[in-house]
Amino acid sequence: MSTTRTFAEICTDVAPTGMRRLMSRAVVLGGSIAGLMAARVLSDHADEVLIIERDPQDTGDDPRPGVPQGSQVHGLLPAGQIQFERWFPGFIQEAIAAGAVVPPYGAFEFVMNGSLRTAKPVRLEQPGLVGTRPFLEGLVRRRTLAVPNIRFVSGRAEGLIVEDGRVVGARYEGEQGSTEVRADLVVDGMGRSSRLSDWLEGHGFARPPMQRMGIKLNYATATFRRDPAMGDTWGSIAFNDGSGGVPRIGGVNPVEGDRWLVLIAGYADDRPSRDPDEFTERCVRDFPPMFGQVATGCEMIGPVITYHQADSRRRDFHEARDLPAGVVAAGDAVASFNPIYGQGMTSAALHASCLSAYLRTDPDLSRPARRYFDLVRVVVDAAWQTSTLSDLGLEHVDGPYPPGYALISRISGRIARASISDDAVNHKLSLVTMMLAHPRSLMSPSFVLRAMLRGA
């Protein structure tokens, strides 16, 4: 089966069928989006699903301590929204009822290298949701924990239990001290800081290969009271790839509670601070007019919050030589990307659908879950190619470069430029950036020719 077709099947909105019980207990390490979505999938195949998470079960409207970037702007791409609805029917309407913002069609402006996009945005069947990370994660958590056979346990994961070359459980430190729990399958949803590779190596297994790309991303986010009187534009996304000056990214996002989240980001030595006056100055000086209008005309609520991410990284479990049975990984524990592309929550949801596709084949759980990791690789490759190809164009980023990078980069640059004014190019590129289509779908000769001509 082709990569593009496999990706399309993973991204489907069709309700899954053919579920059957395969195990007595599954354990999920980590209660973030990746862990919660994995638990929901596992609930169709296990008598009991145990989520072990060190953060409190309910943090209200505040970010969890284990998500240091939780206060920053987060994007739920359409592909992720489809998967949330697929696994939690009614999720979209529930989110809207709880306060999620649904901007009207065409209400977001997109500015690339100083040029406003005039091409028509993609019109999708479902309404687009905008919300903060705590808001969206809270909805997913409530729906997940409402499933009768899913149970939440407060504790910090401390290691794996391995017998006869197979993972048979996990250890965690909880209220009762150190505890061991047996399981037929353990899912690592511990995020970028996952220690799974260390644990596997400690039990004599080879560490899965890891790729890193240093991006040195710095960004700051401030919250403002939203003023609808400012005009018909609900939000703004600004992107400068460095070809027309200093590379910068920014976003003005309407969120629940009649607020705007404003994000400004730079790279390397271009580092926004927590100073509100400097934040306002940057909005006015470095970004499209809407940024300055919000920063100077609306009330800032709370402090400016900064965040730094040194690199994008991926752990290639599909290449691990002696991967044990009984364990899989999902979400940022597999791969985490430059967050300005908004791929994190969506990738986590798609990994859950990979897990479902794998489990619905009635696999032999006494063998390594290589078919699962092959599916996850398709999702990781799509997100990695979309984000890192742009990052490789930054002056301070020095690889790793994919084969044929020079040609790929030239074509991608033309596609991006053509998308500003060409409806057809913008439509197809948008499906890729929304993770509704695989990047390989852009490589048809007719499309490349159109983009090369229109983006010259």
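**Helix packing and ring contacts in a predicted model**

Mentor: This model is predicted. Helix 12 passes helix 13 in a left-handed crossing. The contact joins Ala 424, Val 425 and Lys 428 of helix 12 to Phe 447, Arg 450 and Ala 451 of helix 13.

Trainee: How do the residues of the contact of helix 12 with helix 13 divide by class?
Mentor: Lys 428 and Arg 450 are in this contact, and Lys and Arg count as charged. The division is 4 nonpolar, no polar and 2 charged.

Trainee: Are helix 2 and helix 5 roughly parallel or roughly antiparallel to each other?
Mentor: Take helix 2 (residues 33–42) and helix 5 (residues 133–145). Their axes come within 10 Å and cross at roughly 25 degrees. Angles under 35 degrees count as roughly parallel. Helix 2 and helix 5 are therefore roughly parallel.

Trainee: Which residues of helix 5 does helix 2 meet?
Mentor: Helix 2 passes helix 5 in a left-handed crossing. From helix 2 come Ile 33, Leu 36, Met 37, Ala 39 and Arg 40. In helix 5 they meet Arg 133, Glu 137, Val 140, Arg 141 and Thr 144.

Trainee: Which residues do ring pairs link into a cluster?
Mentor: Rings pair if their centres lie within 6.5 Å. By this rule there are 9 aromatic pairs. Ring pairs link a cluster of Phe 317, Tyr 358, Tyr 372 and Phe 373.

Trainee: How far from the ring centre of Trp 384 is the charged end of Arg 314?
Mentor: Arg 123 lies over the face of Tyr 105, 3.6 Å from the ring centre. The charged end of Arg 314 sits over the ring of Trp 384, and its distance from the centre is 5.6 Å.

Conventions:
Residues numbered from 1 in each chain as written. Predicted model: local features only at pLDDT ≥ 70, side-chain atom pairs only at ≥ 80, totals over all residues. Heavy atoms only, no water. Axes fitted to C-alpha atoms, helices over the stretch in contact; angles between N-to-C directions. Helix = DSSP H or I, 4+ residues; strand = E, 2+ residues; numbered from the N terminus. Parallel < 35°, antiparallel > 145°, perpendicular 65-115°, else oblique. Left-handed = near helix turned anticlockwise from the far one by under 90°. Contact = heavy atoms within 4.5 Å. Phe/Tyr/Trp six-rings, centres within 6.5 Å; stacked < 30°, edge-to-face > 60°. Lys NZ or Arg CZ within 6 Å of the ring centre and 35° of its normal.
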